Amino acid sequence: MNRLYFDTAATTALDSQVLDAMLPYLQSKFGNPSSIYSYGRETRLAIENARKSVARLLNAHPSEIIFTSGGTESSNTAIFGAVRDLGCTHIITSPIEHHATLHTVEYLDKRDEVTVSYVNILPNGHTDLKHLEQLLQEAAPAKTLVTLMHANNEIGNITDLHAVGEICKQFQAIFHSDTVQTVGHFPFDLRNTPVHFITGSAHKFHGPKGAGLLYVNENVQIQSFLHGGGQERNMRAGTENVYGIVGFAKALELASANYETDSSYIRSVKLYLAEQLQQHIPAVTFNGDSFGNSNYTVLNVSFPKSEKSEMLLMNLDMNGICASGGSACTSGAQQGSHVIRAINNNPNQVAVRFSFCRHNTREEVDQLVEKLKVLI
């Protein structure tokens with residue numbers, strides 16, 4: 001059966017050029033980067049070259065780039081660091097963050113290490129920035145961490161990092177943004193963005209799984225989250241994932257070089273699916289600001305609930321179509337999407353996230369729509 005993959009927000013296929021860049025570090029260049037002889041020096045050089053490349057592409061300083069195991073570790077490191085090292089006693093977040101953020105904040109709240117406020121979400125899925133300002137005013141003089149994601153992984157809504165960063169500046173708040181869905185998908189200029197921490201994960205842009213990024217602005221200093229050796233400039237103990245780091249840098253380099261062409265093409269595939277669904281599926285609606293300030297890779301669709309559509313994801317899978325009901329990290333849990341509940345808690349609808357990359361085609365969209373006509 002020919003499988004159709006529409007779940008790139010969960011993960012993407014490894015690019016062959018990325019694999020080629022990684023292979024030497026899986027085979028002949030196997031030295032421990034902390035060893036002082038030639039085998040170690042060549043892997044150390046590979047890591048530092050990757051750091052310089054990533055820093056250049058994000059317009060950051062190499063010392064601000066820490067390589068991690070992925071977005072979850074990066075967000076945990078930033079949030080714990082803000083509380084334990086930067087003195088934040090209050091956290092403002094939103095109810096539609098990724099669980100890597102929400103569960104970390106809830107953990108600190110339960111341990112009475114912080115108080116937590118949740119910013120309102122507008123009907124279109126965007127963060128209410130007026131409410132954010134009000135919450136920061138109310139929290140004063142407590143030192144506050146604001147943690148809001150750049151692009152929502154389920155509905156695709158994009159938050160204006162500059163607008164949030166400027167509000168945080170007014171109140172001397174620390175700003176962390178989960179940018180896992182946007183690093184590798186949008187250009188970043190971190191020297192000119194008012195943010196203290198951002199995160200990235202290579203497998204969201206055709207890099208390897210298990211390779212992530214934490215940007216720590218040079219104006220803040222946090223301690224290591226993992227203790228042991230002095231790797232990652234004393235910021236993350238443990239022997240480095242050399243081939244993963246090399247893969248991260250190569251994937252980001254390719255994504256940046258092809259951004260204009262790829263983003264324009266992927267957006268056209270997303271819009272084509274939306275148009276075809278509107279034409280062929282009665283009463284279909286879209287969640288979030290799908291055609292406004294939204295990630296070009298994500299389309300979240302609500303179908304009318306019926307006996308047929310209730311098992312839609314399973315039926316799609318049985319027909320060789322991969323899509324998602326929400327974050328892949330929680331798809332084993334059957335309570336439904338916390339994001340959809342927050343913006344569109346309609347029991348008569350079934351929400352499905354379709355997400356795209358440069359490998360998806362209009363022909364695949366046509367096949368998907370034909371299947372949906374039968375399944376719904």
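Predicted model: local features only at pLDDT ≥ 70, side-chain atom pairs only at ≥ 80, totals over all residues.
Figure 1. Helix H2 (residues 38-58) packs against helix H8 (residues 242-257) at an angle of about 30 degrees, and their axes are 9 Å apart. Angles under 35 degrees count as roughly parallel, so H2 is roughly parallel to H8. The crossing of the two helices is left-handed. On the H2 side the contact is made by Thr43, Ala46, Ile47, Ala50, Ser53, Val54, Leu57 and Leu58. The H8 side contributes Val242, Ile245, Val246, Phe248, Ala249, Leu252, Glu253 and Ser256. By class, twelve residues of this contact are nonpolar, three are polar and one is charged.

**Figure 2. Packing of helices H1 and H8.** The axis of helix H1 (residues 16-26) comes within 8 Å of that of H8, and the two cross at roughly 160 degrees. H1 and H8 are therefore roughly antiparallel to each other. Their crossing is right-handed. H1 makes the contact through Gln17, Val18, Ala21, Met22, Tyr25 and Leu26. From H8 come Val242, Tyr243, Val246, Gly247, Lys250, Ala251 and Leu254. The residues of this contact divide into ten nonpolar, two polar and one charged.

**Figure 3. The open sheet of seven strands.** The strand order is S2-S8-S7-S6-S5-S3-S4, and the pairing is mixed. Strand S2 (65-68) and strand S4 (115-118) stand at the edges; each has a single partner strand, so one side of each is left without a neighbour in the sheet. From one strand to the next the twist averages 20 degrees.

**Figure 4. Strands S6 and S7 with helix H6.** Two bridges pair strand S6 (residues 174-177) with strand S7 (residues 197-201) in the parallel sense. His176 stands opposite Phe197 in S7. Helix H6 (residues 161-170) packs on the sheet, where it touches strand S5 (144-147) and S6. The direction of H6 makes about 160 degrees with that of S6.

Figure 5. Strand S10 (residues 298-304) and S12 run antiparallel and are joined by seven bridges. Val301 stands opposite Val352 in S12.

Figure 6. A cis peptide bond joins Ala140 and Pro141, with omega of about 5 degrees. Asp112 has a positive phi of about 60 degrees although it is not a glycine.

**Figure 7. Overall dimensions, for orientation.** The protein has twelve helices and twelve strands. Its radius of gyration is 21 Å, close to the 21 Å that the globule rule gives for 376 residues, so the protein is as compact as a globular protein of that length. Along the principal axes the C-alpha trace spans about 65 × 55 × 35 Å.

Technical notes:
Residues numbered from 1 in each chain as written. Heavy atoms only, no water. Pairing = 2+ DSSP bridges. Helix = DSSP H or I, 4+ residues; strand = E, 2+ residues; numbered from the N terminus. Axes fitted to C-alpha atoms, helices over the stretch in contact; angles between N-to-C directions. Contact = heavy atoms within 4.5 Å. Parallel < 35°, antiparallel > 145°, perpendicular 65-115°, else oblique. Left-handed = near helix turned anticlockwise from the far one by under 90°. Nonpolar A, V, L, I, M, F, W, Y, C, P; charged D, E, K, R; others polar. Rg over C-alpha atoms; globule rule 2.2 N^0.38 Å.
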